[in-house]
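Please read them with the structure open.

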Amino acid sequence: MRNNRRIVDHPVLGKLSDRKEITFTFDGQTYTGYEGDTIASALLANGVRTLRVHEESGKPRGIYCNIGHCFECRVNVNDEPGVRACLTEVKDNMVVKSGRVLPSPLVSTVNDTLPRTYAEFIEQQEDKKGEV
Amino acid sequence: MDHITICRCEEVTLEDIKNTAKKHQCTAREIKLRTRAGMGYCGGRTCRPAVDAVMEQVTGEKPGHDIPLKVQPPVRPVSLSTLRGKQDEK
C-alpha cells in the first residue's frame with residue numbers, strides 16, 4: 001500500500017508517465033515519491049493524510065485548499081518551518097516533519113464573564129456583594 | 001450545521017461566531033477580536049468572507065469600509081528571509 005494511490009490511467013489526462021523515483025522522510029519514516037510531486041501529493045499517494053495537528057487543540061490537519069492559500073498543510077522542511085506542502089516540490093532526501101501541539105500556558109475560557117465596560121464591572125462587583 | 005469550523009487557523013466554529021454576535025450585538029471587527037476568527041496563520045484570507053456573511057445574517061452588518069475588519073492580507077505571504085535575500089546563516 002505504498003506510493004500506489006495514484007490514478008494510473010486517467011480518461012482525460014492519459015497514462016501516468018514513468019518518472020524518476022525519489023525518497024524522502026516524513027516524521028522519521030521513509031517514503032517514496034516521483035520527481036515533480038509536491039510533498040502533499042507524494043504523501044497522499046502513500047496514504048498519509050494528516051500533515052500536521054492544530055498547535056493548540058491537536059486536531060489533525062491536511063490538504064485543505066491545495067493552492068497555497070490557506071496554510072493548513074504547512075510542514076517543517078529541512079528545519080524550515082511553515083512550508084506549504086501543497087506548493088513545495090519534493091526533493092530527494094528531503095526531511096519533512098509534521099506540525100506538533102505547542103504548549104499553551106493560557107487556557108482560554110469559553111464563557112468569559114470579563115466586563116466590557118466600567119459600568120459592567122461595577123455591576124459585576126454589585127452582584128458579587130449580593131452573593132456574599 | 002453550527003459545529004462547522006469557519007476559521008480553521010484558530011478553530012472558531014459557526015456557533016462561536018453566532019453566539020458572540022448575538023450576545024454582544026457587535027461589529028465584525030469586534031467578532032474578530034473576541035473570537036480570534038481571522039487572526040490566524042493565513043491572515044484571514046480564507047475565512048473572512050464567511051465571517052462577513054455570518055455577520056450579515058446575525059446582525060445585518062454589511063461588509064463595508066466604515067468599520068473595517070482590519071484584515072490587510074498580502075497578495076502573497078512572504079517570509080522576511082525572502083525579502084532579505086537568502087544568505088548563509090553564520
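This is a predicted model: local features need pLDDT of at least 70, side-chain atom pairs count only at pLDDT 80 or more; totals for chains, interfaces and linings use all residues.

1. Residues are numbered from 1 along each chain as its sequence is written, while chains are lettered from A and ligands numbered from 1 in the order in which they are written.

2. In chain B, helix α1 (residues 14–24) packs on helix α3 (residues 48–58) at about 45°, and their axes are 10 Å apart. Helices here are DSSP runs (H or I, at least four residues), and strands are runs of E of at least two.

3. On α1(B), L14(B), I17(B), K18(B), A21(B) and K22(B) meet V51(B), V54(B), M55(B) and V58(B) of α3(B) (contact: C-beta atoms, placed from the backbone, within 7 Å). The contact of α1(B) with α3(B) has seven nonpolar, no polar and two charged residues.

4. Which residues of helix α2 (residues 28–35) of chain B are buried? They are A28(B), I31(B), K32(B) and T35(B) (buried: 20 or more other C-beta atoms within 10 Å of the residue's own). These residues cover an arc of only 100° around the axis, which puts them on the same side of α2(B). Their cover includes β2 (12–13), α1 and α3 of chain B. Just after α2(B), R36(B) has a positive phi of about 70°.

5. Between the chains, seven residues of chain A are in contact with six residues of chain B. The side of chain A that touches chain B has three nonpolar, three polar and one charged residues.

Note on methods:
Axes are lines fitted to C-alpha atoms, for helices over the stretch in contact, and angles run from 0 to 180 degrees between N-to-C directions. Two residues are in contact if their C-beta atoms, placed from the backbone, lie within 7 Å. Ala, Val, Leu, Ile, Met, Phe, Trp, Tyr, Cys and Pro count as nonpolar, Asp, Glu, Lys and Arg as charged, and the others, Gly among them, as polar. A residue is buried if 20 or more other C-beta atoms lie within 10 Å of its own, exposed if 12 or fewer, and partly exposed in between; C-beta atoms are placed from the backbone. The arc is that of the directions from the helix axis to the C-beta atoms.
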